[in-house]
Amino acid sequence: MTLGQELRRLRLAQKITKRSLAASAGITEAAIWSIEHDRIVSPRLFMIADLAGALGVSLDALVRMVDHPPKDRLYVRQEPVCIEGSIL
């Protein structure tokens, strides 16, 4: 199960609209749609925490059943590596 699927499951179980959840979490309705449809696969931690709080669940409850995204969909910021004054 993805984060988006779990978010949608929890939201619908509580009969909360995307608009209402967005207002409670302080994010846009478009962002919720994007997460639920796996367009955003790695949202920032503060966004997940805000969504969990708005749903009245713990952060752990929101992410515990979530599978890890495939490695080709992870977005890793790589910093240059410096060794003895050289940049690799």
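The legends below describe close-up views of a predicted model of one protein chain.

**View 1. The whole chain and its elements.** The protein chain contains 5 helices and 2 strands, where helices (H or I, at least four residues) and strands (E, at least two) are DSSP runs numbered from the N terminus. Read from the N terminus, the order of the elements is α-α-α-α-α-β-β. Residues are numbered from 1 along each chain as its sequence is written, and side-chain values use heavy atoms, with hydrogens and water left out. Because the model is predicted, local features need pLDDT of at least 70 and side-chain atom pairs count only at pLDDT 80 or more, while totals for chains, interfaces and linings use all residues. The chain has a mean pLDDT (the predictor's confidence in each residue, from 0 to 100) of 82, with 73% of its residues at 70 or more.

**View 2. The largest nonpolar core.** A nonpolar core is a set of buried Ala, Val, Leu, Ile, Met, Phe, Trp, Tyr and Cys residues joined through side-chain atoms within 4.5 Å. Buried means under 20% relative accessible area, exposed over 50%, and partly exposed in between (1.4 Å probe, protein chains only). The largest core has 17 residues, and those touching the most other members are Leu7, Leu21, Ile27, Ile32, Leu51 and Leu62. At least two core residues come from each of helix H1 (3-13), helix H2 (18-25), helix H3 (29-36) and helix H4 (45-55). H4 supplies the largest share, 5 residues. In soluble globular proteins, nonpolar side chains tend to be buried together.

**View 3. The surroundings of Leu62.** Contact means heavy atoms within 4.5 Å. Apart from neighbours within four places in sequence, Leu62 is in contact with Leu3, Glu6, Leu7, Leu10, Ile48, Leu51, Ala52 and Val57.

**View 4. The buried face of H1.** Leu3, Gly4, Glu6, Leu7, Leu10 and Arg11 are the buried residues of H1. Seen down the axis of H1, they fall within an arc of 165 degrees, so they line one face of the helix; the arc is that of the directions from the helix axis to the C-beta atoms. These buried residues pack against H2, H3, H4 and helix H5 (59-63). Just after H1, Lys15 has a positive phi of about 55 degrees.

**View 5. Glu6 and Arg9.** Glu6 lies in helix H1 and is buried, with a relative accessible area of 2%. The side chains of Glu6 and Arg9 are joined by a polar contact of 2.8 Å. A polar contact is a pair of N or O atoms within 3.5 Å; within protein, one must be able to donate a hydrogen and the other to accept it, and residues adjacent in sequence count only if both atoms are side-chain atoms.

**View 6. The two sides of H4.** Met47, Ile48, Leu51, Ala52 and Leu55 are buried in H4. Seen down the axis of H4, these residues fall within an arc of 135 degrees, so they line one face of the helix. Their cover includes H1, H2, H3 and H5. The face turned away from this buried side carries the exposed residues Leu45, Phe46 and Gly53. Gly53 has 53% relative accessibility. The C-alpha atoms of Gly53 and Ser24 are 8.6 Å apart in space, although the two residues are 29 apart in sequence. Gly56, which follows H4, has a positive phi near 75 degrees.
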